[in-house]
Amino acid sequence: MVCPERGAKIASLLDTATGREWLVPAPLRPLRPLTYGALWSAYECCGWDEVCPTVAECAYPGAGPAAGRRLPDQGEVWALEWTDETGEDDPAAVVVSVMGAALPYRLRRRATVEGDCLALSYTLDNQGPDPLAFQWAPHPLIAADPDAAVYDGPGWAAVVD
(Lines give C-alpha, C1' and ligand atoms only; values in the text may rest on other atoms or scores of the structure.)
Protein backbone atom coordinates (compact mmCIF):
# COMPACT_ATOMS: atom_id res chain seq x y z
CA MET A 1 0.00 0.00 0.00
CA VAL A 2 1.42 3.39 -1.07
CA CYS A 3 0.22 6.70 0.41
CA PRO A 4 1.01 9.54 -2.04
CA GLU A 5 -0.45 12.12 0.34
CA ARG A 6 2.02 10.97 3.05
CA GLY A 7 5.28 11.46 1.15
CA ALA A 8 4.63 8.30 -0.92
CA LYS A 9 5.08 6.23 2.23
CA ILE A 10 4.94 2.51 1.56
CA ALA A 11 2.63 1.59 4.44
CA SER A 12 2.60 -2.17 3.89
CA LEU A 13 4.86 -4.75 2.26
CA LEU A 14 2.87 -7.95 2.66
CA ASP A 15 4.08 -11.33 1.40
CA THR A 16 0.75 -12.78 0.26
CA ALA A 17 2.19 -16.32 0.07
CA THR A 18 3.13 -16.40 3.76
CA GLY A 19 1.05 -13.60 5.29
CA ARG A 20 4.24 -11.95 6.56
CA GLU A 21 4.22 -8.14 6.90
CA TRP A 22 7.78 -6.91 6.34
CA LEU A 23 7.32 -3.31 7.49
CA VAL A 24 6.58 -1.90 10.93
CA PRO A 25 2.83 -1.27 10.72
CA ALA A 26 1.13 2.08 11.12
CA PRO A 27 -0.82 2.68 14.32
CA LEU A 28 -4.54 1.89 14.23
CA ARG A 29 -5.47 5.57 14.36
CA PRO A 30 -5.31 7.59 11.11
CA LEU A 31 -1.90 9.01 10.20
CA ARG A 32 -1.59 12.69 11.07
CA PRO A 33 -1.27 15.26 8.26
CA LEU A 34 2.36 16.17 7.54
CA THR A 35 3.95 19.56 8.10
CA TYR A 36 6.79 20.60 5.79
CA GLY A 37 10.03 21.08 7.71
CA ALA A 38 8.91 19.06 10.75
CA LEU A 39 11.14 16.49 12.41
CA TRP A 40 10.64 13.01 10.96
CA SER A 41 10.78 11.53 14.48
CA ALA A 42 7.76 13.64 15.53
CA TYR A 43 5.52 11.53 13.27
CA GLU A 44 4.46 7.88 13.14
CA CYS A 45 7.58 5.74 12.76
CA CYS A 46 6.29 3.05 10.44
CA GLY A 47 6.48 1.80 6.86
CA TRP A 48 8.97 3.01 4.26
CA ASP A 49 9.80 6.67 3.66
CA GLU A 50 12.00 8.35 1.06
CA VAL A 51 14.76 10.67 2.23
CA CYS A 52 15.87 13.36 -0.26
CA PRO A 53 17.48 15.84 -1.08
CA THR A 54 19.39 15.55 2.20
CA VAL A 55 19.51 13.25 5.21
CA ALA A 56 20.07 15.74 8.03
CA GLU A 57 18.93 19.33 8.37
CA CYS A 58 21.53 21.53 6.71
CA ALA A 59 22.22 24.54 4.53
CA TYR A 60 22.19 23.69 0.82
CA PRO A 61 25.87 23.44 -0.22
CA GLY A 62 25.35 23.93 -3.95
CA ALA A 63 25.70 27.04 -6.09
CA GLY A 64 23.06 29.32 -7.53
CA PRO A 65 20.03 31.00 -6.01
CA ALA A 66 19.43 28.10 -3.56
CA ALA A 67 22.93 28.36 -2.01
CA GLY A 68 22.64 28.35 1.78
CA ARG A 69 18.88 27.60 1.80
CA ARG A 70 17.86 25.50 4.84
CA LEU A 71 16.85 21.93 4.05
CA PRO A 72 14.78 20.02 6.63
CA ASP A 73 15.56 16.92 8.67
CA GLN A 74 15.34 13.75 6.54
CA GLY A 75 15.04 15.95 3.47
CA GLU A 76 11.72 17.22 2.27
CA VAL A 77 10.11 14.54 0.10
CA TRP A 78 8.87 12.43 3.04
CA ALA A 79 6.70 15.39 4.09
CA LEU A 80 5.38 16.43 0.68
CA GLU A 81 2.32 15.16 -1.17
CA TRP A 82 3.32 13.11 -4.22
CA THR A 83 1.44 12.72 -7.50
CA ASP A 84 0.10 9.26 -8.33
CA GLU A 85 1.07 8.46 -11.94
CA THR A 86 0.04 4.80 -11.75
CA GLY A 87 -1.30 3.45 -15.02
CA GLU A 88 0.09 6.23 -17.22
CA ASP A 89 3.04 4.17 -18.58
CA ASP A 90 2.56 0.64 -17.27
CA PRO A 91 -0.62 -0.60 -15.54
CA ALA A 92 1.43 -3.18 -13.58
CA ALA A 93 3.64 -0.51 -11.97
CA VAL A 94 2.91 1.83 -9.06
CA VAL A 95 4.46 5.17 -10.03
CA VAL A 96 4.60 8.31 -7.89
CA SER A 97 6.49 11.59 -8.24
CA VAL A 98 7.13 14.80 -6.33
CA MET A 99 8.51 18.23 -7.14
CA GLY A 100 11.07 19.68 -4.73
CA ALA A 101 9.91 22.57 -2.59
CA ALA A 102 13.27 24.11 -1.64
CA LEU A 103 15.21 23.03 -4.74
CA PRO A 104 14.22 22.62 -8.40
CA TYR A 105 13.99 18.85 -8.95
CA ARG A 106 11.47 16.09 -9.64
CA LEU A 107 11.87 12.70 -7.93
CA ARG A 108 10.00 9.74 -9.42
CA ARG A 109 9.67 6.20 -7.99
CA ARG A 110 8.45 3.21 -10.00
CA ALA A 111 7.56 0.01 -8.13
CA THR A 112 6.94 -3.39 -9.73
CA VAL A 113 6.85 -6.97 -8.54
CA GLU A 114 9.37 -9.17 -10.34
CA GLY A 115 8.95 -12.79 -9.32
CA ASP A 116 9.04 -12.73 -5.54
CA CYS A 117 10.89 -9.38 -5.33
CA LEU A 118 9.79 -5.78 -5.05
CA ALA A 119 11.76 -3.75 -7.60
CA LEU A 120 12.00 0.00 -7.06
CA SER A 121 13.58 2.35 -9.58
CA TYR A 122 14.16 6.05 -9.04
CA THR A 123 14.78 9.02 -11.30
CA LEU A 124 15.77 12.46 -10.08
CA ASP A 125 15.53 15.19 -12.72
CA ASN A 126 17.22 18.53 -12.13
CA GLN A 127 14.67 21.18 -13.13
CA GLY A 128 17.04 24.14 -12.70
CA PRO A 129 19.97 25.65 -14.61
CA ASP A 130 22.62 24.95 -11.93
CA PRO A 131 24.16 21.57 -10.98
CA LEU A 132 22.12 19.96 -8.20
CA ALA A 133 23.77 18.57 -5.08
CA PHE A 134 21.57 15.96 -3.36
CA GLN A 135 21.51 12.83 -1.23
CA TRP A 136 18.87 10.12 -1.41
CA ALA A 137 18.26 7.20 0.92
CA PRO A 138 15.47 4.69 1.36
CA HIS A 139 14.15 4.58 4.93
CA PRO A 140 12.27 1.30 5.50
CA LEU A 141 11.44 0.24 9.04
CA ILE A 142 11.72 -3.55 8.73
CA ALA A 143 9.65 -5.66 11.14
CA ALA A 144 12.35 -8.30 11.60
CA ASP A 145 13.22 -10.67 14.42
CA PRO A 146 16.33 -9.74 16.44
CA ASP A 147 18.34 -12.57 14.81
CA ALA A 148 17.61 -11.43 11.23
CA ALA A 149 20.63 -10.92 8.97
CA VAL A 150 21.01 -7.75 6.91
CA TYR A 151 23.19 -7.74 3.81
CA ASP A 152 23.95 -4.85 1.52
CA GLY A 153 26.10 -3.99 -1.43
CA PRO A 154 26.28 -1.39 -4.18
CA GLY A 155 22.71 -0.83 -5.32
CA TRP A 156 21.03 -3.61 -3.34
CA ALA A 157 20.09 -4.75 0.16
CA ALA A 158 18.53 -7.88 1.66
CA VAL A 159 17.01 -8.92 4.97
CA VAL A 160 16.99 -12.64 5.74
CA ASP A 161 14.71 -13.50 8.63
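A cavity is a set of points, on a 1 Å grid over the protein atoms alone, where a 1.4 Å probe fits but cannot get out. This is a predicted model, in which local features need pLDDT of at least 70, side-chain atom pairs count only at pLDDT 80 or more, and totals for chains, interfaces and linings use all residues. Residues are numbered from 1 along each chain as its sequence is written, and side-chain values use heavy atoms, without hydrogens and water.

**The cavity.** There is one cavity of 30 Å³ or more. The largest cavity has a volume of about 40 Å³, a volume being the space filled by probe spheres set on the points. Select Arg6, Lys9, Leu34, Trp40, Tyr43, Glu44, Asp49 and Trp78, which line the largest cavity; lining residues have an atom within 4 Å of a point.

**Aromatic pairs.** Next, display Tyr43 and Trp78, whose rings form an edge-to-face pair, 5.7 Å centre to centre with 65° between the planes. Rings of Phe, Tyr and Trp (its six-membered ring) pair if their centres lie within 6.5 Å; planes under 30 degrees apart are stacked, over 60 edge-to-face and the rest tilted. Both Tyr43 and Trp78 are buried (under 20% relative accessible area, with a 1.4 Å probe and protein chains only). Then select Tyr122 and Trp136: their ring centres are 4.6 Å apart and their planes at 50°, so this pair is tilted.

**Charges over rings.** Finally, select Arg20, whose charged end sits over the ring of Trp22, 4.0 Å from its centre. This requires NZ of Lys or CZ of Arg within 6 Å of the ring centre and within 35 degrees of the ring normal. Arg109 likewise lies over the face of Trp82, 5.8 Å from the ring centre.

Definitions and conventions: 1 Å grid on protein atoms, 1.4 Å probe; cavity = no way out; pocket = protein on both sides within 12 Å on 5 of 7 lines; lining within 4 Å. Buried < 20%, exposed > 50% of the residue type's maximum accessible area, 1.4 Å probe, protein only.
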